[in-house]
Amino acid sequence: MNVVELIERKRDGGALTPDEIVWMIGRYSADDIPDYQMSSMLMAVFKEGLDPEELSAWVDAMLHSGDVLDFSHVAAPKVDKHSTGGVGDKISIPLAPIVAACGVAVPMMSGRGLGHTGGTLDKLESIPGFRTALDPPEFRAILEKTGLVLAGQSETLVPADRRLYALRDATGTVPSIPLISSSIMSKKLAEGLDALVLDVKVGRGAFMKELDDARALAETMVSIGTVRGTAVTALLTDMSQPLGRTIGNANEIAESVDVLRGEGPADVTELTFRLGEQMLVMGGVAPGPAEARAQMERAVESGAAFEKLVEVVVAQGGDPSVLEDTSQLARARNETVVAAPRSGVLARCDALDLGVAALRLGAGREKKEDGIDRGVGIVVPVAVGDTVAQGDPLAILRWAGERRLADAMPLVERAFEIGDEAVEPTPLVYGEVR
Ligand code: URA
């Protein structure tokens, strides 16, 4: 087969055969197709889409680019959650230990920051020593021991997505329904799950800006899972403003610990419980959402959920003392406050501008080989609908490097709009797809 011929056909609106897709993804994973050709193919897919047969072959090729895990010997139901990506979206970090403390097994395979969105792995690696690259035997052993494992795609777990994800991030090919759905579902199907809950984000800070597109993405992912025998439910949730009060890496770990201690911001806590309800009910450990919520509240109040996070951090080589005392986490020394220029009601708190600003501060990567600074980030103490007085802090930037601060500042300044009229708080959940 000839990769240039495949690129040209896709570019011109033609379809690829399943064999061609399997060949191409296999060769790319084996380093036989260079990034520049794959970038071109990704752009053609971004523009032309994939028909259902192509998408199915693409998902299977990604899924079988590495090992597919089998946890049928683990008695507890295996349930995971995955987000399509947002700003301040640290939900996996409190959610996974909460539901694991309630009796489901969570073999969570997460991603890194993509574009302006943060990544669970990058956040977790703010915990000194915490290892996210686990080979399948270790992944399995930690799941069996703690009922929870938080890892990335190692060399052998969906290696195609690990490479494609980084390439898409650097080539403007992220917000595509077939590419997002195949990326997420290949990782999730490789986990050997009984059930999966998807958090499909919609709004300025999400890859899907419109509700209809988010719904189409959710429907695509739900059908990819169900035809392969995994029960999938998706919640369509707001990403017009950041989730919680922190954007970054180490600061999002601290906020996650607050949620586990029952002291987290209301939106992060509520969304964690909403997604957790689905996970516990789909996993069969709670008969309905109300019982599921009561179980999760007990797990938080008793400290069992926090202890579960400590357990998995220790199992993955991390230093748990930073969870006991989050002031030990990395934190950039410089702070600059953006204050409200006038009194009024907050009408806009733009997740995209704030996400890009955090990226420019160094919390994310502009190029795939870039490092990130885990101590930088933004604290956003306000939300849409809040009354603010002139001079109140709208954002606190934690930064290292004047240049980066200067690049981020205009975005932070334009992210907020203050009006005079009362504004309804933004809904957290818009709907559900099954
Ligand atoms: N999360 C993923 O894992 N993949 C995507 O493409 C987008 C979000």
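Two rings of Phe, Tyr or Trp (for Trp, its six-membered ring) make a pair if their centres lie within 6.5 Å, and planes under 30 degrees apart count as stacked. Keep that in mind for the first view; the model throughout is a predicted one.

**View 1. One aromatic pair, Phe 71 with Phe 139.**
By that rule, the count comes to one aromatic pair. The ring centres of Phe 71 and Phe 139 are 6.1 Å apart and the planes meet at 20 degrees, so this pair is stacked. Phe 71 comes from the loop between helix H4 (52-63) and strand E1 (79-83), while Phe 139 belongs to helix H7 (residues 136-146), so the pair ties together parts that are 68 residues apart in sequence. Are these two residues, Phe 71 and Phe 139, buried or exposed? Both Phe 71 and Phe 139 are buried.

**View 2. Two arginines sit over aromatic rings.**
Start with Arg 163, whose charged end sits over the ring of Tyr 28, 4.2 Å from the ring's centre. Then look at Arg 261, which lies over the face of Phe 306, with 4.1 Å to the ring centre.

For Arg 168, the distance from a side-chain N or O atom to a ligand oxygen is 2.8 Å. Taken alone, the ligand exposes 240 Å², and the protein buries 97% of that.

His 82 lies in strand E1. The cut-off for buried is under 20% relative accessible area, and His 82, at 10%, counts as buried. Its side chain makes a polar contact of 3.2 Å with the side chain of Lys 188. Setting aside residues up to four places away in sequence, His 82 touches Met 109, Ile 184, Lys 187, Lys 188, Leu 196, Val 197, Leu 198 and Asp 199.

**View 3. Met 109 in strand E2.**
Met 109, one of the residues touched by His 82, is found in strand E2 (residues 106-109). How accessible is Met 109? Its relative accessibility is 0%, so Met 109 counts as buried. Beyond four places in sequence, the residues that Met 109 touches include Asp 80, Ala 151, Gly 152, Gln 153 and Leu 157, and also Lys 187, Lys 188 and Glu 191. From Met 109 to Thr 132 it is 23 residues along the sequence, and 9.0 Å in space from C-alpha to C-alpha.

Follow the chain to Gly 86, found in the loop between E1 and helix H5 (92-101). With a relative accessible area of 2%, Gly 86 is buried. Where does the chain come back to it? Gly 86 and Met 239 are 153 residues apart in sequence, yet 6.4 Å apart in space, C-alpha to C-alpha. Neighbours within four places aside, Gly 86 is in contact with Met 239, Thr 117, Gly 118 and Gly 205.

**View 4. Helix H8 and its cover.**
Nine of the 11 residues of H8 are buried, so this helix is largely enclosed by the rest of the structure. Among the buried ones are Arg 163, Tyr 165 and Arg 168. What covers the buried residues of H8? The cover includes H2, H3, H4 and helix H9 (177-189).

Asp 31 is not a glycine, although its phi is positive, at about 70 degrees. It is found in the loop between helix H2 (18-29) and helix H3 (35-48). Asp 31 is exposed, with a relative accessible area of 57%. Val 158, also a residue other than glycine, has a positive phi near 45 degrees. Val 158 is found in the loop between strand E3 (148-151) and helix H8 (159-169). At 0% relative accessibility, Val 158 counts as buried.

How values were computed: Residues are numbered from 1 along each chain as its sequence is written. This is a predicted model: local features need pLDDT of at least 70, side-chain atom pairs count only at pLDDT 80 or more; totals for chains, interfaces and linings use all residues. Side-chain values use heavy atoms; hydrogens and water are left out. Rings of Phe, Tyr and Trp (its six-membered ring) pair if their centres lie within 6.5 Å; planes under 30 degrees apart count as stacked, over 60 as edge-to-face and the rest as tilted. Helices (H or I, at least four residues) and strands (E, at least two) are DSSP runs, numbered from the N terminus. Buried means under 20% relative accessible area, exposed over 50%, partly exposed in between (1.4 Å probe, protein chains only). A charge sits over a ring if NZ of Lys or CZ of Arg is within 6 Å of the ring centre and within 35 degrees of the ring normal. A polar contact is a pair of N or O atoms within 3.5 Å; within protein, one must be able to donate a hydrogen and the other to accept it, and residues adjacent in sequence count only if both atoms are side-chain atoms. Accessible areas come from the Shrake-Rupley method with a 1.4 Å probe; for residues, only the protein chains shown count as cover. Contact means heavy atoms within 4.5 Å.
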